[in-house]
Amino acid sequence: MASIDRYRPPYRETYQLPPAPANNNTTKSSSKSPSRRRDVPPPVPSPPTNSSRTSPPRPQSRLSAASPSRSTPRTPVAMTNQWYFKQDEVLGSPSILDGLSPAEERLRRAKGVNFIYQAGILLELPQTTLYVAGVFFHRFFMRCSMVEEKHGIHHYNIAATALFLANKTEENCRKTKDIIIAVAKVAQKNAKLIVDEQSKEYWRWRDSILMFEEVMLENLTFDLMIDSPHFKLYDFLGQLQVIHNKNLRHAAWTFCNDSCLTILPLLMDARDIAIAAIFFSSTFTGERIEDMNGKAWWKALKGNEDHCAKAIQVLKEFYVENPLRKQENPYSQSPVFILENTRRRGEDISVRSTNGTPRTDSATQSPKGKVNGIDEAAAEREIDTANAESASQAAPGDSDFVLKEAANNPVIHSGTNGTKRKEVESLAPEKRNQKRRRLSSDDDEGEVSE
């Protein structure tokens, strides 16, 4: 919580409706009925005079002739999403127009989403819910300003409200009381802070969240359906058959988490972010991805190369700038991001298969040889089983002498190391002889005579 400033929402009185504007054209009539009656249309059209049974059939000429409007197919109109912007449009946000510098706005956006992440960790919320709350936060400040001097709203107030709203839309069972307590602890940078329903801190945050919830819903136009790149990422990793690669999966998941700290959710959709996450993780870990049906993996997933490059550039600038001043930033390096370097072509796979090199996942297991089409471990298990069967046949009966001889025979038990046993016997022969004399003596009270 080192990058979160201590914040306390200001005390606000009960909400009052704004005064209605004065209207000079108001009539002074005391009657409440309108002065002019409007012609109200009927609620439903009148039913037809002829029903389907009594109406005469239509002429054949009308049925055969096709209307020109229906003959030509209609082309679907592409609906543009109101929440995706260009880079220049993001630089023209209300906060920047109110005098805030772009670097300061990026810092406040990162702090607001980091505030959501810290409170979500205390509430043990899934990462997908926290991402949705971060998208609500970014979209809200594309409609409102965060400059309080010019009637803006503090970013921590909106961050807490976005978390409260995402908890509802994603159907996570977290009570309002628990959310308010977690937000108050994060705002005061004290996870052990005692906050209850009797404290002023609790009621300040409660009033702030409930008051700005309606404001956020109005500015978001009640558009609360958010696609998370985390689900898209797992689908793509499964299609590429690299979901069991732990290093690749974790690096891509981290990219999706950090993308919400930037303006990337305002520039592209969740699908492009997930493909860019795979591109980033493959470059960072050095794991190449095999082609699918002779196509490069990003072409098989129908990814946009320009969007991948843009996403990598945005995250690269974020890691270099490090607005949250994180000391441990393993992704702050700047490798060369080229899509072709993340591709493992079909020719390379065929060459490796002809050379006899077994194909295995380098992040999960190492290659093993085979004996007669069987792994070495399976062959060793079969040998041990055969030795055990031969030992059971070589030592029939209940005689102690025969059992001891079969147990100490190194030929029967090939798995045991006979050399070590001989070395141990040669090291202390005198101790063994003394122990045998003591056991064979008549003074031993532990032996039971028959």
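Colleague: Helix α13 is mostly covered; how many of its 16 residues are buried?

Modeller: This is a predicted model, in which local features need pLDDT of at least 70, side-chain atom pairs count only at pLDDT 80 or more, and totals for chains, interfaces and linings use all residues. Residues are numbered from 1 along each chain as its sequence is written, and side-chain values use heavy atoms, leaving out hydrogens and water. A helix is a DSSP run of H or I of at least four residues, numbered from the N terminus, and buried means under 20% relative accessible area, exposed over 50% and partly exposed in between, with a 1.4 Å probe and protein chains only. Of the 16 residues of α13, the number buried is 13.

Colleague: How far does helix α13 reach from its first C-alpha to its last?

Modeller: The expected span of a helix is 1.5 Å times one less than its number of residues. Helix α13 covers residues 270–285, and its reach is close to the expected value. From first C-alpha to last, the distance is 22 Å.

Colleague: Which residue just after α13 takes a positive phi?

Modeller: Helix α13 ends at residue 285. The residue with a positive phi of about 80° just after α13 is G286.

Colleague: Which ring cluster includes F255?

Modeller: F255 is among the buried residues of α11. Its contacts (heavy atoms within 4.5 Å) include L264, F280 and L315, not counting residues up to four places away in sequence. Rings of Phe, Tyr and Trp (its six-membered ring) pair if their centres lie within 6.5 Å, with planes under 30 degrees apart counted as stacked, over 60 as edge-to-face and the rest as tilted. Ring pairs link the cluster F255, F280, F284, F318 and Y319.

Colleague: Why is the pair of Y202 and W203 edge-to-face?

Modeller: By the ring rule the count comes to 11 aromatic pairs. The ring centres of Y202 and W203 are 5.8 Å apart, and the pair is edge-to-face because the angle between their planes is 85°.

Colleague: How many residues apart in sequence are R106 and E321?

Modeller: A salt bridge is a side-chain nitrogen of Lys or Arg within 4 Å of a carboxyl oxygen of Asp or Glu, and by this rule there are seven. R106 and E321 form one, with the closest N and O atoms 3.5 Å apart. R106 lies in helix α5 and E321 in helix α15 (residues 305–321), so the bridge ties together parts whose separation in residues is 215.

Colleague: Which partner does E105 have in a salt bridge?

Modeller: The closest N and O atoms of this bridge are 3.2 Å apart. E105 is buried, at 3% relative accessible area, and R109 is buried as well, at 1%. The two are four residues apart in helix α5, or about one helical turn. The partner of E105 is R109.

Colleague: Which side chain joins that of E201 in a polar contact?

Modeller: E201 lies in helix α9 (residues 200–219) and is buried, at 11% relative accessible area. A polar contact is a pair of N or O atoms within 3.5 Å; within protein, one must be able to donate a hydrogen and the other to accept it, and residues adjacent in sequence count only if both atoms are side-chain atoms. At 3.2 Å, the side chain that joins E201 is that of Q188.
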